[in-house]
Amino acid sequence: KIMMESLVYSLLECAKKQREQYGAGAGGGFGGSYDFAPSTTSSPSDVREDGTMMVTEQEFLEWAETTAPMLGSALPTFLHRIFFPYNKQFPPGLTPLLLPNLAEPPKPYKKGKKKDKNCTNDDDDDDVDEKEARISQFFDTPIRQSYSSLGIFALSITSPKIASGGSWFRLYSSEADGLSTNRLINSVMGYSGPTLLVVQDKSSQGLFGAFTSHPWEKESGEFYGNSDCFLYRLCGDPMGVYRPKGTGTTNYMYCNPESRSKGYDELAHGLGFGGTSDRPRLYIDEVLDECVALEEDLTFENGPLLSGSPSGQDRHQQKGRFDVEAMEIWAVGGDEVIENALNARYEKRLEDIKRIKKAMKGAKGQYLEDLQSGLTGNKMFAHRDQMRGQAEGKCAEDDDDSDEEEN
């Protein structure tokens with residue numbers, strides 16, 4: 001229900017802005033409470049007999065084009081599946097809306113209980129902790145059922161790269177992996193496929209995040225990425241999708257852990273989208289103390305990410321700050337794309353391990369070489385010899401002084 005209301009309110013919000021901008025419908029009549037009550041300035045053609053507001057075809061198409069470009073593929077995809085259930089080839093010119101499934105995680109067993117090799121998974125249903133077993137704490141897709149939640153549908157209609165079917169692969173979950181920005185960064189570094197970040201604000205419990213199709217290829221104090229990247233607010237308040245403005249500013253995605261520069265670069269340390277390198281628009285702080293979700297920047301369209309006002313205070317007074325309740329990041333784009341991207345991440349991790357071993361081996365080899373040549377020994381014991389020489393010199397001076405006194 002909440003997700004459906006967010007979609008409807010998003011449509012109404014878009015229609016309201018169009019009427020304010022173009023004066024259609026004599027100024028609209030959408031109240032801030034979204035109670036659908038007509039105002040005294042509404043055109044009679046915009047109000048139905050039961051008192052609810054009507055949205056024009058042009059307003060709906062404008063909303064669908066900017067917020068939900070894949071919505072128009074829903075009905076053709078549905079009809080194709082009904083009439084041609086065994087034909088997986090869609091007609092030319094149709095980009096199908098294929099909703100994904102969520103991959104089921106490995107089933108845990110209770111501590112102290114040995115797994116019987118003769119038993120099936122279904123025999124141990126009572127031993128699985130409900131919190132551990134659920135695939136996602138955001139998308140209420142029941143385990144072992146093939147249909148997707150309305151939240152997944154709402155995200156899928158925003159981009160064809162999300163609505164590509166297959167199974168989403170969970171790269172990181174704060175519930176399963178612990179609430180940690182470093183773990184989140186480690187889960188995506190080297191991953192070469194599209195990813196979807198979902199964040200929950202502790203104050204409002206609203207969901208928001210970002211999508212990018214660009215690989216998480218490096219840790220850097222500079223932005224990178226492409227124009228497929230966008231920010232979104234999923235629920236809590238009207239759904240919003242904020243795509244690049246196309247004004248020349250390309251600050252899409254940002255990954256800069258403190259370990260890269262030891263904190264000397266004086267930039268924001270964590271994961272970010274939009275904004276600047278010292279203050280990204282959507283920013284997950286490395287220690288989760290200074291997380292920010294702003295309403296505007298130069299890269300993405302303006303609009304709120306947070307829902308409501310934290311603790312009853314004005315959000316502008318809080319400078320967009322929020323506390324993270326939970327986070328998840330998903331690999332999307334279809335089974336083949338995800339498999340190739342996971343292989344790329346695996347290869348990068350192997351390269352990192354080889355590089356570390358080589359550096360350690362090189363340092364050890366150089367140390368042994370210096371030790372054999374006497375260079376390391378000379379360096380190690382130079383201070384001792386120097387101190388010994390000073391002590392011997394002092395003793396010699398004392399002996400000289402004693403001889404002079406005797407004479």
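Helices (H or I, at least four residues) and strands (E, at least two) are DSSP runs, numbered from the N terminus. The structure is a predicted model, in which local features need pLDDT of at least 70 and side-chain atom pairs count only at pLDDT 80 or more, while totals for chains, interfaces and linings use all residues. Residues are numbered from 1 along each chain as its sequence is written, and side-chain values use heavy atoms, with hydrogens and water left out.

Seven salt bridges are present in the structure, a salt bridge being a side-chain nitrogen of Lys or Arg within 4 Å of a carboxyl oxygen of Asp or Glu. In helix 9 (residues 335–373), Asp-352 and Lys-348 are four residues apart, which separates them by about one helical turn. These two residues form a salt bridge whose closest N and O atoms are 3.1 Å apart. Asp-352 also meets Arg-355 in a salt bridge (2.3 Å, N to O), and this pair is three residues apart in helix 9. Through shared partners, Lys-348, Asp-352 and Arg-355 are joined into one network of salt bridges. With relative accessibility of 22%, Asp-352 is partly exposed, as is Lys-348 at 23%; buried means under 20% relative accessible area, exposed over 50%, and partly exposed in between (1.4 Å probe, protein chains only).

A further salt bridge links Asp-297 and Arg-281, with 2.9 Å between the closest N and O atoms. Asp-297 lies in the loop between strand 10 and strand 11 (324–331) and Arg-281 in the loop between strand 8 and strand 9, so the pair ties together parts 16 residues apart in sequence. Asp-297 is buried, at 9% relative accessible area, and Arg-281 is buried at 0%.

Four strands form an open sheet in the order 7-8-9-10, with antiparallel pairing; two strands pair if DSSP finds at least two bridges between them. Strand 7 (253–256) and strand 10 (292–293) are the edge strands, each pairing on one side only. Strand 7 and strand 8 (residues 270–273) run antiparallel and are joined by four bridges. Helix 7 packs on this sheet, touching strand 7, strand 8 and strand 9 (282–285), where contact means heavy atoms within 4.5 Å.

In helix 7 (residues 181–188), the buried residues are Thr-181, Leu-184, Ile-185, Ser-187 and Val-188. Viewed down the axis of helix 7, its buried residues fall within an arc of 160 degrees, so they line one face of the helix; the arc is that of the directions from the helix axis to the C-beta atoms. Gly-190, which follows helix 7, has a positive phi, near 90 degrees.

Note on methods. Axes are lines fitted to C-alpha atoms, for helices over the stretch in contact, and angles run from 0 to 180 degrees between N-to-C directions.
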